[in-house]
Amino acid sequence: MSFLHIPPALTHRRFRLLWAGLFISVAGSRMQFWAILWHIRDLTDQPIALGGIGLVRVIPILIFSLVGGAVADVFDRRRVMFISQTIFILNATALGWLTLSGHIAIWHIYVLTAIEAFASSFDLPARQALTPNLVPAKDLPNAFSMQSMAFTVGSIVGPALSGLVIATLGLSGVYWINAATYLALVWALVQIGPVAQQHAARKGRSVVSLSSIQEGVQFILSRPIIFSSMLLDFFATFFSSANALLPIFARDILQVGEQGYGWLAAAQSVGAGLTAVVMSQVDTLRNQGKLLLGAVVSFGVWTLLFGFSTIFWLTFLSLALMGASDTVSTIIRNTIRQLRTPDQIRGRMTSINQIFFMGGPQLGELEAGLVAQFFGAPIAVITGGIGCILATGWVGRKWPQLWRYDRETEQEEENTP
């Protein structure tokens with residue numbers, strides 16, 4: 001008997017295409033993300049400047065995310081992704097050109113980062129809502145596990161290469177390469193072809209209405225399991241997000257160069273990728289609620305270890321364990337939300353979720369930058385780990401149904417005459 005088997009989601013051609021394109025584009029985008037942080041650290045030694053990246057990323061998400069979800073439920077999701085991917089390509093190209101010309105300033109990076117976040121506000125709801133249209137419901141948990149693997153493995157390759165590319169081709173080389181990687185996802189979307197979806201009802205000729213957005217918000221508020229999982233995600237990532245400070249740890253605390261920084265940037269994804277491989281081989285997860293809360297608590301514990309560490313290998317290990325914990329919680333959260341949401345409202349659900357799971361870490365980066373500005377980077381990380389653990393305890397106590405959640409038990413009850 002073979003130990004490994006082909007994950008069920010990859011037996012479906014259209015999902016396989018999306019998965020492959022996603023892996024390549026993620027590798028490029030994560031390479032660019034870490035290069036931007038290194039670039040800002042080159043331009044200034046002020047921690048608040050690194051934290052500012054979180055602010056310029058979260059503002060477009062807060063403004064446009066709900067609209068992006070409504071658009072994903074009204075328009076063809078492939079077409080929405082075509083437009084967003086085109087914006088990503090042009091954005092990376094502009095970064096490369098400005099860097100190569102030698103005229104780039106921090107405000108250029110902030111503006112282009114904001115434009116990328118604007119496009120992401122439409123891209124993510126469309127992509128997440130498209131996935132359930134490519135695989136049957138029974139393979140959906142595996143599909144999200146495989147998407148998590150694509151993201152995490154791409155996030156290993158991208159950051160690991162970022163240090164090497166910065167050292168050899170310069171920062172502009174990172175941006176040019178990233179622009180090219182987006183073409184892989186564009187090609188995948190072309191090959192997938194038309195995808196049937198249940199469109200939200202349009203009123204007259206209105207494309208996106210306030211009532212449709214309100215419907216999405218009301219749906220989330222009426223589902224305690226979904227809402228509590230989103231709050232859990234927000235608070236955990238708000239307190240434990242300190243990725244923007246990694247250049248400070250690499251250069252000032254651990255005293256490593258570009259390549260050492262690249263490996264530290266990839267560390268979370270190394271742990272996440274290995275965990276995603278294991279999760280892809282698991283057909284059934286029991287006691288998902290307890291597993292979810294436990295994974296988030298462990299995320300906070302490893303964040304504490306990261307903040308205390310002054311040794312390269314220990315920092316790498318703590319970051320890898322953070323990534324492993326985050327992967328478990330991400331797979332469970334995504335599965336809960338998608339299985340409990342009707343197709344015609346999935347885009348809006350994902351857009352609201354985007355505010356939580358992207359708003360949390362981006363605001364967290366700003367918070368970490370502010371704390372680091374006055375008290376130092378290690379204190380910013382340590383206090384964040386403590387906050388993550390306390391927030392998880394509060395959510396578990398406030399919504400005990402999340403602790404008790406078990407999808408398999410629910411299915412057995414539903415099938416009982």
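## Around Tyr 110

Setting aside neighbours within four places in sequence, Tyr 110 touches Ile 40, Ala 49, Gly 52, Ile 53 and Val 56 (contact means heavy atoms within 4.5 Å). Tyr 110 itself sits in helix α4, residues 106–130. Helices here are DSSP runs of H or I with at least four residues, strands are E runs of at least two, and both are numbered from the N terminus.

## What you're looking at

This is a predicted model, where local features need pLDDT of at least 70 and side-chain atom pairs count only at pLDDT 80 or more, while totals for chains, interfaces and linings use all residues. Residues are numbered from 1 along each chain as its sequence is written, and side-chain values use heavy atoms, with hydrogens and water left out.

## Helix α3 and its partners

Helix α3 (residues 77–101) and helix α6 (residues 171–192) have axes that come within 8 Å and cross at roughly 165 degrees. Axes are lines fitted to C-alpha atoms, for helices over the stretch in contact, and angles run from 0 to 180 degrees between N-to-C directions. The two helices are therefore roughly antiparallel (the label for angles over 145 degrees). Sorted by class, their contact has 19 nonpolar, 6 polar and 1 charged residues. Ala, Val, Leu, Ile, Met, Phe, Trp, Tyr, Cys and Pro count as nonpolar, Asp, Glu, Lys and Arg as charged, and the others, Gly among them, as polar.

α3 also packs with helix α1 (residues 13–43), at about 35 degrees and with the axes 12 Å apart. On the α1 side, the contact uses Leu 18, Gln 32, Ile 36 and His 39; α3 brings Met 81, Asn 91, Ala 92, Leu 95 and Thr 99. That's 5 nonpolar and 4 polar residues, with no charged ones.

## The α11/α12 pair

Helix α11 (residues 288–308) packs with helix α12 (residues 312–339) at about 160 degrees, axes 8 Å apart. That makes this pair roughly antiparallel. Contributors from α11 include Trp 302, Phe 299 and Phe 306, while those from α12 include Met 322, Asp 326 and Arg 333. The class breakdown is 14 nonpolar, 7 polar and 2 charged residues.

Average pLDDT (the predictor's confidence in each residue, from 0 to 100) is 82 for the protein, and 91% of residues score at least 70.

Two stretches call for care. Residues 201–206 stay under 50 and have 3 contacts beyond four places in sequence. Residues 408–417 are also below 50, with 9 contacts beyond near neighbours in sequence.

Conventions. Parallel < 35°, antiparallel > 145°, perpendicular 65-115°, else oblique.
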